[in-house]
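Open the model in your viewer and keep a selection tool at hand. This tour goes stop by stop.

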Amino acid sequence: MIILYDDRLIKREEANIDIEDRAYQFGDGIYEVIRVYHGIPFYLNEHLERFQKSADAIRLSLPYPMETLAQKLLDLARENQLEEGNLYLQLSRGTSPRSHAFPSDAKPLIIGYTQPDSRPLTALQNGVTAITDEDIRWLRCDIKSLNLLGAVLAKQKAVDHGAKEAILVRNGTVTEGSSTNIFMVKGQTLWTHPANHFILHGITRKITLQLAEYLGISVKLEPFSPSHLAEADEVFLTSTTMEVCPIVQIDGKAVGNGKPGPITRQLQKAFEKEIERVCQ
Ligand code: PLP
């Protein structure tokens with residue numbers, strides 16, 4: 001496999017990550033996951049804009065211009081003949097003798113690689129199950145930081161319960177999933193948490209909200225409680241890898257009639273059309 005290492009495309013075996021890389025020791029860095037359909041990255045610019053925002057938020061400068069990075073990612077996908085899958089991109093503050101404060105001498109390191117992966121068609125068709133769990137993450141969930149331990153523990157709890165996702169609850173409100181954004185439908189209204197410091201501003205969330213507006217679905221960007229969620233007619237999650245995916249059971253209880261609902265289906269169809277429009 002060919003990977004992006006700093007500004008070079010090299011073989012994976014040739015990469016050399018130091019034991020004092022700050023991503024490795026502190027999780028001191030940021031990342032992105034970008035979906036590729038038919039060999040074309042989906043919403044690449046939006047992902048790179050969020051990458052830049054995350055970098056700014058942790059006071060980290062990209063080692064070279066964004067336009068160069070965009071071109072390198074296109075080259076990477078082409079070199080690996082990635083038709084369907086993901087591009088993973090990471091920026092570390094670099095390598096320096098271990099000490100918490102920013103090093104003066106470290107050079108930020110970008111790495112990127114590809115993961116072939118097909119669309120999660122069974123989950124999209126049948127829906128997935130979820131549990132609820134306490135949101136123990138830090139207060140800057142809007143930064144796509146490498147510090148993922150809160151998400152890792154929540155996801156593992158879901159897996160331990162035979163579920164696909166953990167829906168996180170902070171101070172009596174549903175924030176998001178461990179690696180997804182959460183939407184619910186009650187009556188004819190779509191609800192999702194507002195884009196503030198408590199959630200990652202998902203690119204798929206943003207696309208879904210645009211599609212909802214286009215389809216004339218009324219939207220409330222307001223926090224809602226777990227009991228509100230338990231009474232929802234429909235619930236779904238969104239993410240780069242899971243797209244718009246129905247949640248049909250939460251904490252062992254069916255959502256609505258236990259089947260993906262009509263508004264979820266409408267948004268899934270519109271999302272598929274968007275993929276075809278952008279990546280044909
Ligand atoms: N929320 C969290 C915590 C995530 O980690 C992710 C994606 O990894 C998302 C939401 C979905 O974001 P996106 O749609 O940009 O993939």
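**Before you start**

This is a predicted model, in which local features need pLDDT of at least 70, side-chain atom pairs count only at pLDDT 80 or more, and totals for chains, interfaces and linings use all residues. Residues are numbered from 1 along each chain as its sequence is written.

**Stop 1: the two domains**

Colour 2-116 as domain 1 and 121-279 as domain 2. These bounds come from an automatic or database domain assignment. The C-alpha centres of the two domains lie 26 Å apart. Domain 1 puts 22 residues into the contact, and domain 2 puts in 14 residues. Two residues are in contact if their C-beta atoms, placed from the backbone, lie within 7 Å.

Now select strand 3 (29-37), helix 2 (44-57) and strand 5 (85-92). These are the elements that give two or more residues to the side of domain 1 that touches domain 2. Helices (H or I, at least four residues) and strands (E, at least two) are DSSP runs, numbered from the N terminus. Strand 3 supplies the largest share of that side, eight residues. By type, the side divides into eleven nonpolar, seven polar and four charged residues. Here Ala, Val, Leu, Ile, Met, Phe, Trp, Tyr, Cys and Pro count as nonpolar, Asp, Glu, Lys and Arg as charged, and the others, Gly among them, as polar.

**Stop 2: the cores**

Select Ala130, Val235 and Ile247. Of the 32 residues in the largest nonpolar core, these touch the most other members. Such a core is a set of buried Ala, Val, Leu, Ile, Met, Phe, Trp, Tyr and Cys residues joined through C-beta atoms within 7 Å. A residue is buried if 20 or more other C-beta atoms lie within 10 Å of its own, exposed if 12 or fewer, and partly exposed in between, with C-beta atoms placed from the backbone.

Elements giving two or more residues to this core include strand 7 (128-134), helix 5 (149-160) and helix 8 (262-279). Strand 14 gives the most, with five residues.

Centre on Val235. Leaving aside neighbours within four places in sequence, Val235 is in contact with Ile182, Phe183, Met184, Leu229, Ile247, Ile250 and Val255. Another core, of 20 residues, lies apart from the largest one; among its members are Ile34, Phe42, Leu76 and Leu89.

**Stop 3: the ligand**

Which residues come nearest to the ligand? Of the 14 around it, they are Leu200, Gly202, Ile203, Thr204 and Thr240. A residue is near if its C-beta atom, placed from the backbone, lies within 6 Å of the molecule. Helix 6 (203-214) and strand 13 (234-239) are the elements that give two or more residues to this shell. Helix 6 has the largest share, three residues. The shell divides into four nonpolar, eight polar and two charged residues.

Stay on helix 6. Its buried residues are Ile203, Thr204, Arg205, Ile207, Thr208 and Leu209. Gly216 follows helix 6, with a positive phi near 75 degrees.

**Stop 4: two loop residues**

Most residues other than glycine have a negative phi. Select Asp6, where phi is positive, near 60 degrees. Asp6 sits in the loop between strand 1 (2-5) and strand 2 (8-11). Asp6 counts as partly exposed because it has 14 C-beta neighbours inside 10 Å.

Finish at Arg59, whose phi is also positive, near 55 degrees. Arg59 lies in the loop between helix 2 and helix 3 (66-79). Buried or exposed, where does Arg59 fall? Arg59 is exposed, with 8 other C-beta atoms within 10 Å.
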